[in-house]
Amino acid sequence: MTKRGIGLLIFSALLLFFGKLTGSSEIFYALFCLGILLIISLLTALSASLFLQFSFQPPENAVVRGERADVRLTCNGLRILPVFLSVRIGLENGPVQEYGIQMLPGLGRAVYSLPLDCRHRGLWHLQVKRLRVRDLFGGYCNRAAAAAD
């Protein structure tokens, strides 16, 4: 759960307190809608982190020092609601770069190209430092499984 999700939970607890204090039914309707929003948010992030499959492919051609290489990110699976993907990749002994990708709903394969700075020559190994899936509302953030090719 993110800071925004914790804030929504605290807000819902305060809303429940004020609803009990005043006896107003409209506050309970708002709390019911907020609860549905949090449940949908949780299910979206959880299903995306469990059922989406990610694979990374380093560039196929030779890369000259000082240029950029395109790393391909392939996503397979069903996305019911839009999710955000936070990717942190880097070279073995190089700088780490972070990318944010919005994944729209749909079924099938989505391919993204991530530019990576190459500051040295020779063989290098791509490392996935972090791969997280976030929901549309920003309440939850889960790690996703990646297969490094």
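Trainee: Why does Tyr140 count as buried?

Mentor: Buried means under 20% relative accessible area, exposed means over 50%, and partly exposed lies in between (1.4 Å probe, protein chains only). Tyr140 has 12% relative accessibility, so it counts as buried.

Trainee: What kind of model is this?

Mentor: It is a predicted model: local features need pLDDT of at least 70, side-chain atom pairs count only at pLDDT 80 or more, and totals for chains, interfaces and linings use all residues. Residues are numbered from 1 along each chain as its sequence is written, and side-chain values use heavy atoms, with hydrogens and water left out.

Trainee: How confident is the predictor in the protein?

Mentor: The scale is pLDDT, the predictor's confidence in each residue, from 0 to 100. The protein averages 77, and 83% of the residues score at least 70. Helix 1 (residues 3-22) has the highest mean, 83, while strand 8 (residues 146-148) has the lowest, 52. Where pLDDT is low, the predicted coordinates should not be read in detail.

Trainee: What makes a stretch a helix or a strand?

Mentor: Both are DSSP runs, numbered from the N terminus: helices are H or I with at least four residues, strands are E with at least two. The protein has 2 helices and 8 strands. Along the sequence the pattern reads α-α-β-β-β-β-β-β-β-β.

Trainee: Back to Tyr140. Where does Tyr140 lie, and what does it touch?

Mentor: Tyr140 sits in the loop between strand 6 and strand 7 (141-143). Contact means heavy atoms within 4.5 Å. Leaving out residues up to four places away in sequence, Tyr140 touches Met1, Thr2, Leu38, Ser41, Leu42, Ala45, Val133, Arg134 and Asp135. Tyr140 and Leu46 are 94 residues apart in sequence, and their C-alpha atoms are 8.4 Å apart.

Trainee: Why is Thr44 called buried?

Mentor: Its relative accessible area is 8%, under the cut-off for buried, so the word applies. Thr44 is in helix 2 (residues 25-51). Beyond neighbours within four places in sequence, Thr44 is in contact with Leu81, Pro82, Val83 and Asp135.

Trainee: Is Thr74 buried or exposed?

Mentor: Thr74 has a relative accessible area of 4%, so it is buried. Its place is in strand 2. Setting aside residues up to four places away in sequence, Thr74 touches Gln53, Phe54, Ser55, Arg109, Ala110 and Val111. Buried residues make up 33% of the 149 residues in the protein.

Trainee: How do you know that Arg88 and Glu98 form a salt bridge?

Mentor: A salt bridge is a side-chain nitrogen of Lys or Arg within 4 Å of a carboxyl oxygen of Asp or Glu. The closest N and O atoms of Arg88 and Glu98 are 2.8 Å apart. That is within the limit, so the pair qualifies. Arg88 is in strand 3 (residues 83-91) and Glu98 in strand 4 (residues 96-103), 10 residues apart. Side chains of opposite charge can pair when their charged atoms come close.

Trainee: What makes Arg130 part of a network?

Mentor: Arg130 also forms a salt bridge with Glu98, with the closest N and O atoms 2.5 Å apart. Arg130 lies in strand 6 (residues 126-134) and Glu98 in strand 4, so this pair ties together parts 32 residues apart in sequence. Salt bridges that share partners join Arg88, Glu98 and Arg130 into one network.

Trainee: Why are Arg88 and Glu98 called partly exposed?

Mentor: Arg88 has a relative accessible area of 30%. Glu98 has 42%.

Trainee: What makes a nonpolar core?

Mentor: It is a set of buried Ala, Val, Leu, Ile, Met, Phe, Trp, Tyr and Cys residues joined through side-chain atoms within 4.5 Å. The largest one here has 20 residues, and Phe54, Phe56, Leu85, Val87 and Ile89 have the most contacts inside it. Strand 3 gives the largest share of this core, 4 residues.

Trainee: Why is Phe32 called exposed?

Mentor: Phe32 has 56% relative accessibility, over the cut-off, so it counts as exposed. Phe32 is found in helix 2.
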